[in-house]
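Subject: Structure handover and notes

Hello,

Here is the structure for your files. My notes on it follow below.

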Amino acid sequence: MSTGRPSKATRRVAAAVIAAGLALVVGGCGGDDGGGKNPDAKPPARATTPKDNGHGTPAADATRTIGEMKGPDGVVVTLHSAVRDSGGFVTLSGTVTNKGTKIFNAINWRSNETGMRSRSSVSGATLVDKAGKKRYLVLRDTEGECLCTTGLSGLKPGESRPLFAQFPAPPEKVTEVDFQLPTMPPVTVTISD
């Protein structure tokens, strides 16, 4: 008799697949500095989205800015890309920077769900198609966790961290949407293919 919920074995397999995908992403983030030591070189930034694999999900280009949100206490979110992939998703990537004087915790950026493990995430983010009058929420995995940045706590003044969130894609004809985070002003971004 089916209860409509995935079995423990199904959830374990899904978790293993997600973990394997994350391992591939993290493993591909290394760089070759040519063997030489450059004292002025900065350490590589941690990737938040997969490298371009031909399926429309390139890593965020931190030198590119498609939008910026300035919030209370000097917190700035710089958006680098909003990419539509062939699987029907939009992945938004950016950087959150604490330009204030106090430690920042993203507790107010989470959704109102009580079952989420991470209390400091961007699970409350939305994409809004104003013309189509539709709001798109951050996607969830089979365990109910958001497909977004989690653990955004203890961001010290002057510190930056990568940020991403994955949403269902609006119709192909929709190329502009508003990205919204609780406590922050919305920003209009263009979706690229």
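Leaving aside its neighbours within four places in sequence, which residues is Thr97 in contact with? In this predicted model, the contacts of Thr97 are Gly74, Val75, Val76, Leu155, Glu159 and Ser160. Thr97 belongs to strand E3, which covers residues 89-98. Its relative accessibility is 14%, so Thr97 counts as buried, the limit being under 20%. Between the side chains of Thr97 and Ser160 there is a polar contact of 2.8 Å. Val77 is 20 residues away from Thr97 along the chain, and their C-alpha atoms are separated by 6.4 Å.

The sheet

Strand E3 is part of an open sheet of four strands, in the order E1-E2-E3-E6, with antiparallel pairing. The edges are strand E1 (67-70) and strand E6 (160-168); each has a single partner strand, so one side of each has no neighbour in the sheet. On average, and with direction ignored, neighbouring strands of this sheet are turned by 25° against each other. Nine bridges pair E3 with strand E2 (residues 75-84) in the antiparallel sense. Thr78 has Thr95 in E3 as its bridge partner.

The disulfide

The count is one disulfide. This disulfide is between Cys146 and Cys148, with an S to S distance of 1.9 Å. The link is left-handed, at -70° about the S-S bond. Cys146 has a relative accessibility of 7% and counts as buried; Cys148 is buried too, with a relative accessible area of 6%.

Salt bridges

Side chains of opposite charge can pair when their charged atoms come close. The count here is five salt bridges. One of them joins Asp73 to Lys102, where the closest N and O atoms are 3.7 Å apart. Asp73 sits in the loop between E1 and E2, and Lys102 in the loop between E3 and strand E4 (126-129), so this pair links distant parts of the chain, 29 residues apart. Asp73 and Lys102 are both exposed.

Another is formed by Lys130 and Asp178, with the closest N and O atoms 3.5 Å apart. Lys130 is in the loop between E4 and strand E5 (134-137), while Asp178 is in strand E7 (residues 176-180), so the pair ties together parts 48 residues apart in sequence. Lys130 is exposed, at a relative accessible area of 53%, whereas Asp178 is buried, at 9%.

Glu159, one of the contacts of Thr97, forms a salt bridge with Arg161, the closest N and O atoms being 3.4 Å apart. The relative accessible area of Glu159 is 25%, which makes this residue partly exposed.

Regards

How values were computed: Residues numbered from 1 in each chain as written. Predicted model: local features only at pLDDT ≥ 70, side-chain atom pairs only at ≥ 80, totals over all residues. Heavy atoms only, no water. Helix = DSSP H or I, 4+ residues; strand = E, 2+ residues; numbered from the N terminus. Buried < 20%, exposed > 50% of the residue type's maximum accessible area, 1.4 Å probe, protein only. Contact = heavy atoms within 4.5 Å. Polar contact = N/O pair within 3.5 Å; in protein donor to acceptor, adjacent residues only side chain to side chain. Pairing = 2+ DSSP bridges. Axes fitted to C-alpha atoms, helices over the stretch in contact; angles between N-to-C directions. Disulfide = S-S within 2.5 Å. Salt bridge = Lys/Arg side-chain N within 4 Å of Asp/Glu carboxyl O.
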